[in-house]
Amino acid sequence: MDFEFLVNSIMNSYKENGGVNRTGAENLPNRANVVAALSDLQALVFPGFKYGEQITEENLLYITERHVSRIISILTAEIQKAFLRMMAIHQNENSDSEQREKQFKNSHCFKLAQKAVETLIAEIPALRKKIQMDADAILQGDPAARSLGEVILSYPGLEAILIYRIAHFLHKNGIPLIPRIMTEHAHNKTGIDIHPGAEIGESFFIDHGTGIVIGETAVIGNNVRIYQGVTLGALCLKKDLQNKKRHPTIQDDVTIYSGATILGGETVIGKGCTICGNTWIVESIPAGTYYTNK
């Protein structure tokens, strides 16, 4: 085996075709680190549920401090990388900048990252309230659910919603790339694909969940229930629609059964509608409608 030849051929491909990461501080965020920080965030939302920790009144403060410390350490560095990468792309850099400029960018992006992480941690109490409402919606809406503990420990829909709510907060605060890494981790783990840009109201209930897709500009109201295989998608995939509303609006108290596909940025499903399974919808539905293809 010509080991040197094999390595050199790979190195040459980096020169000819480009690599994903650039040298130095402009490397992309590390996915494993983002997922690790996400686990700590989940542990703050539901202490004792996501880690093998024995929680007592005496050690809860210590455990909380440990999770917060890890989040600050890990996520600050990864968000800094995301800001640096975004800045490099916007400036269309093709060569190394001056060292002084790089130092300024590092310092500026580090401060932005510090502020972002501080803001996220300060938001944890509000996030906990929202996700507890989601958990209660599942408990009240699913006859198979016996307790909140069962819902928190075993329902993939709740985990996908929790990760979405964390990612959405970061997305709304202008954090690049990190929110998408988080929701794609949830997608990989649960089979539920929620873009962090989607707007989702209170007491959201996903049952079963596998195959659900919720697009970037979807808007979902309060007390909405969605079953497996539902798509809230775009009617047209042209690139020039990137910054326009492409996905439907689902108003309050709507139930969408399995396999339904609802497409288009102008499509509105009115309050209190029931959308039956395996339906295909590209036009608005009035409030209170029981909609079926039959």
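Which residues do ring pairs link into a cluster? I looked this up at the outset: the cluster consists of F205, Y227 and Y257.

**Entry 1. Basis.** I note that this is a predicted model, in which local features need pLDDT of at least 70 and side-chain atom pairs count only at pLDDT 80 or more, while totals for chains, interfaces and linings use all residues. Residues are numbered from 1 along each chain as its sequence is written, and side-chain values use heavy atoms, with hydrogens and water left out.

**Entry 2. Aromatic pairs.** I took rings of Phe, Tyr and Trp (its six-membered ring) as paired if their centres lie within 6.5 Å; planes under 30 degrees apart count as stacked, over 60 as edge-to-face and the rest as tilted. The structure holds 2 aromatic pairs. F205 and Y227 form a tilted pair, at 6.5 Å centre to centre and 50° between the planes. This pair links distant parts of the chain, with F205 in strand β3 and Y227 in strand β6 (residues 225-227), 22 residues apart. For elements I used DSSP runs numbered from the N terminus: helices (H or I, at least four residues) and strands (E, at least two).

I then checked accessibility, where buried means under 20% relative accessible area, exposed over 50% and partly exposed in between (1.4 Å probe, protein chains only). F205 counts as buried at 2%, and Y227 is buried at 12%. The rings of Y227 and Y257 have their centres 5.0 Å apart and their planes at 20°, so this pair is stacked. Y257 lies in the loop between β9 and β10 (261-263), 30 residues from Y227. I found Y257 partly exposed, with a relative accessible area of 35%.

**Entry 3. The sheet.** I found 5 strands in an open sheet, ordered β3-β6-β9-β12-β14 with parallel pairing. β3 (205-207) and β14 (290-291) stand at the edges, each with a single partner strand, so one side of each has no neighbour in the sheet. Two strands pair if DSSP finds at least two bridges between them. Strand β9 (residues 255-256) and strand β12 (residues 274-275) pair in the parallel sense over 2 bridges. In this pairing, I256 stands opposite I275 of β12.

**Entry 4. I194.** I located I194 in strand β1 (residues 193-194). I194 counts as buried, at 3% relative accessibility. With contact meaning heavy atoms within 4.5 Å, and leaving aside neighbours within four places in sequence, I194 touches A160, Y164, T183, I200, I206 and I214.

**Entry 5. Helix packing.** Axes here are lines fitted to C-alpha atoms, for helices over the stretch in contact, and angles run from 0 to 180 degrees between N-to-C directions. Angles under 35 degrees count as roughly parallel, over 145 as roughly antiparallel, 65 to 115 as roughly perpendicular and the rest as oblique.

How do the axes of α2 and α7 cross? The axes of helix α2 (residues 31-45) and helix α7 (residues 156-172) come within 11 Å and cross at roughly 105°. The two helices are therefore roughly perpendicular. I listed L38, L41, Q42 and V45 of α2 as meeting E159, L162, I163 and I166 of α7.

α7 also packs with helix α8 (residues 178-190), at an angle of about 170° and with the axes 8 Å apart. That makes α7 roughly antiparallel to α8. Among the contact residues I noted A160, I163 and Y164 of α7, and M182, T183 and A186 of α8.
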